[in-house]
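Please read it with the sequence and the model open.

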Amino acid sequence: MEGLVLQTTGNDYVVKSPQGLFRCHLKGSFKQDGIRTTSPIAVGDFVVFEKDIDEEWCWITEILPRKNYIIRRASNLSKRGQIIGANLDRALLVATINYPITSTTFIDRFLSTCEAYGVPAGIVFNKADRYNNAELRELKTLANLYRKIGYRCVVVSARTGEGLEELKQMLSGGVTLFSGHSGVGKSSLINALVPMSGRKTREISEANNSGVHTTTYSEMIPLPGLEEAYIIDTPGVRGFGTLDFEKEEVGHYFPEIFEMSKDCRFHNCTHTHEPGCAVIESVRSHEIASSRYKSYISILTEDEDEKYRAPY
């Protein structure tokens, strides 16, 4: 039988097929050669599975080809990756100006990964009701920055409902992945969009202004009132380590850098020191934001020992 993976909890999977919902494990003979990820299967995958003799469990035997996926480094010291979603129509980063802070480096690493793996991306700036005037000005500046580049941004408040109708429009049709730090309000947003979902929420740690994990597994949730629309809720992440990026490709994943690079003197310009570099000149003239350029450099100069090329 074939089905869609709706939930992953460790080594257990919930798979939906025309025959119903099935709890599955990976079959012992499942081929994992060359798959260097924490789990070879992600929510959104289409798989082939077979029933056990006693029908208590089913066994996944094959992953069907993906149209796309998003992968991140599992941890700062890990040589393995973590696939956080597959077969996506879009990915939205839930970000906060404060409570906790989402850095531009984190945002840019998420967006560049989406570019690299062919997933349309956008940003949801949450907790708009909590910010003071200075924070609201920062939010407006960031939203304008990313809109100018071409990313769709929406400002919302899960608490007051601000922006939720616009967010629903973004979610209309297809599968949307939600990602972001712990504490940015992914679960609260989903509860506002899907009142019956019952996602657990917790306040952020006041001691260090950081989030506390409440979602411990990934799950696909249907959106009521929207035909064939689903959200993949994922656990919060501290960092977004990039994978599978070759140095000469990094600039391709920053749309404004890639566009300006066409005017560089040298076709293989790294945009770091070369004479006649149009990108460096654009940073100096503020056509390219310095925060974006810093993010580009941070990826470009990552320790080579921390990189690997993973097939999944």
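This is a predicted model: local features need pLDDT of at least 70, side-chain atom pairs count only at pLDDT 80 or more; totals for chains, interfaces and linings use all residues.

Residues are numbered from 1 along each chain as its sequence is written, and side-chain values use heavy atoms, without hydrogens and water.

**Count and network**
- With a salt bridge taken as a side-chain nitrogen of Lys or Arg within 4 Å of a carboxyl oxygen of Asp or Glu, the count is eight.
- Asp108, Glu256 and Arg292 are joined in a network of salt bridges.

**Arg66 and Asp45**
- Arg66 forms a salt bridge with Asp45, at 2.7 Å from N to O.
- Arg66 sits in the loop between strands S5 (58-63) and S6 (69-73), and Asp45 in the loop between strands S3 (20-26) and S4 (46-51), 21 residues apart; strands (E, at least two residues) and helices (H or I, at least four) are DSSP runs numbered from the N terminus.
- Both Arg66 and Asp45 are buried (under 20% relative accessible area, with exposed over 50% and partly exposed in between; 1.4 Å probe, protein chains only).

**Arg159 and Asp129**
- The salt bridge between Arg159 and Asp129 spans 3.7 Å, N to O.
- Arg159 lies in the loop between strand S10 (152-155) and helix H3 (164-171) and Asp129 in the loop between strand S9 (121-125) and helix H2 (133-149), so the pair ties together parts 30 residues apart in sequence.
- Arg159 is exposed at 62% relative accessible area, while Asp129 is partly exposed at 31%.

**Lys168 and Glu165**
- Lys168 and Glu165 form a salt bridge at 3.6 Å, N to O.
- Both residues lie in helix H3, three residues apart, about one turn of the helix.
- Lys168 is partly exposed at 31% relative accessibility, and Glu165 is exposed at 54%.
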